[in-house]
Amino acid sequence: MRLVLLALIALPAVLQAQTLDYRWLNQPCGQVLNCDSGCTACNMPTSSGAVLIGTDLASLSIDVCPHPVTTADNALFTTGWPAMADDQHRLMLSALTLQPLHIDSVVIRHRRTADGPVMLRVSAALNNGPVNAEGSVPVDEAYTTTVFTDLGVVAAQEGNAMGLFQLILQADQGQGGAWVLDEVRIVTSPATLTAIPELQAPRYANAPRYDLLGRPAPRTDAQGVFLDRYKRIRID
């Protein structure tokens, strides 16, 4: 009975969890990708819901061509990447949210051709805010899966009806070959926001440090738990 009660309590959160899966399948949909040397693929996520709505993959100065991996399942061969990443070459995936959602993880399955880009840079922008670099990873010739976690909360801001999440992918350091994108999965969970603004401490360079009892702590190498001027707890 206890397990049943726990399951019933957790059920609303599970039902509100949302996931976007981009697989570029051979199936009819409102947005498609095609090219002369490849095939046609659906350019929309397979799992958009009523709360989290995914858009199609957009490209800037990059050629995108779907090629089969297995029957009815494609990967995107992307070419035109520069030797060094810049703002003029990128792939972009966007999502709209109708309720606050936490971006739990972004999962990317990808590889490169023999002369393709050897590095992948992943960035994200939340709620029309600045673009934040999430990380840079090497790219192998065999398919690998790269995971980025805890990307933040997406929620509608003042004057907007929906929250916006944008994922930016940039490959570089190749010799003209392709970076191959097979799948992208964006996993979210419900987020709770309060109307209480977060207090920001002034960032004075010489502001004192305190221990957990509120006593001024000297700036030494002593071990312990302290509050610094940024209001963050740290362990020395």
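What is the handedness of the link of C35 and C65, and what is the angle about its S-S bond?

Guide: The link of C35 and C65 is right-handed, with 45° about the S-S bond. The model is a predicted one, and every value below is computed from it. The sulfur atoms of C35 and C65 lie 1.7 Å apart, and the two residues form a disulfide. C35 lies in the loop between β2 and β3, whereas C65 belongs to strand β6, so this pair ties together parts that are 30 residues apart in sequence. The two ends are also described by their accessibility. C35 counts as partly exposed because its relative accessibility is 21%, a value to be read against the limit of under 20% for buried residues. C65 is buried, at a relative accessible area of 9%.

Strand β6 spans residues 63–70 and runs antiparallel to strand β7, residues 73–79, with 7 bridges joining the two. Within this pairing, H67 has A75 of β7 as its bridge partner. The hairpin of β6 and β7 has 2 residues between the strands, and A72 takes a positive phi there, near 70°.

C29 is placed in the loop between β1 and β2 (32–33), and C42 in strand β3 (residues 41–42), so the pair ties together parts that are 13 residues apart in sequence. C29 is partly exposed, with a relative accessible area of 29%. C42, by contrast, counts as buried at 3% relative accessibility. When the bonded cysteines of the protein chain are numbered in sequence order, the pairing reads 1-3, 2-4.

A search of the whole structure finds 6 salt bridges, among them the one between R23 and E183, whose closest N and O atoms are 3.9 Å apart. R23 lies in the loop between β1 and β2 and E183 in strand β14 (residues 179–190), so the pair ties together parts that are 160 residues apart in sequence. R23 is partly exposed at 34% relative accessibility, and E183 is partly exposed as well, with a relative accessible area of 27%.

The side chains of R109 and D182 meet at 2.3 Å, N to O. R109 lies in strand β9 and D182 in strand β14, so that pair ties together parts that are 73 residues apart in sequence. R109 counts as partly exposed at 29% relative accessibility, while D182 counts as buried at 1%. Salt bridges that share partners join R23, D73 and E183 into one network. Another salt bridge links the side chains of D87 and R90, at 3.4 Å from N to O. Of these two residues, D87 is exposed, with a relative accessible area of 52%, and R90 is buried, with a value of 14%.

Q18 is found in the loop between α1 (2–16) and β1 (19–22), and Q18 is buried, with a relative accessible area of 13%. Beyond residues up to four places away in sequence, Q18 touches G49, A50, V51, L52, L101, I186, V187 and T188.

The view may finally be widened to the chain. The protein chain has 1 helix and 18 strands, and 37% of its 236 residues count as buried. Among contacts with a separation of 6 or more, 71% are between residues 24 or more positions apart. The chain exposes about 13500 Å², of which carbon and sulfur atoms supply 55%.

Key:
Residues numbered from 1 in each chain as written. Predicted model: local features only at pLDDT ≥ 70, side-chain atom pairs only at ≥ 80, totals over all residues. Heavy atoms only, no water. Pairing = 2+ DSSP bridges. Helix = DSSP H or I, 4+ residues; strand = E, 2+ residues; numbered from the N terminus. Buried < 20%, exposed > 50% of the residue type's maximum accessible area, 1.4 Å probe, protein only. Contact = heavy atoms within 4.5 Å. Disulfide = S-S within 2.5 Å. Areas by Shrake-Rupley, 256 points an atom, 1.4 Å probe, with all protein chains shown as cover. Salt bridge = Lys/Arg side-chain N within 4 Å of Asp/Glu carboxyl O.
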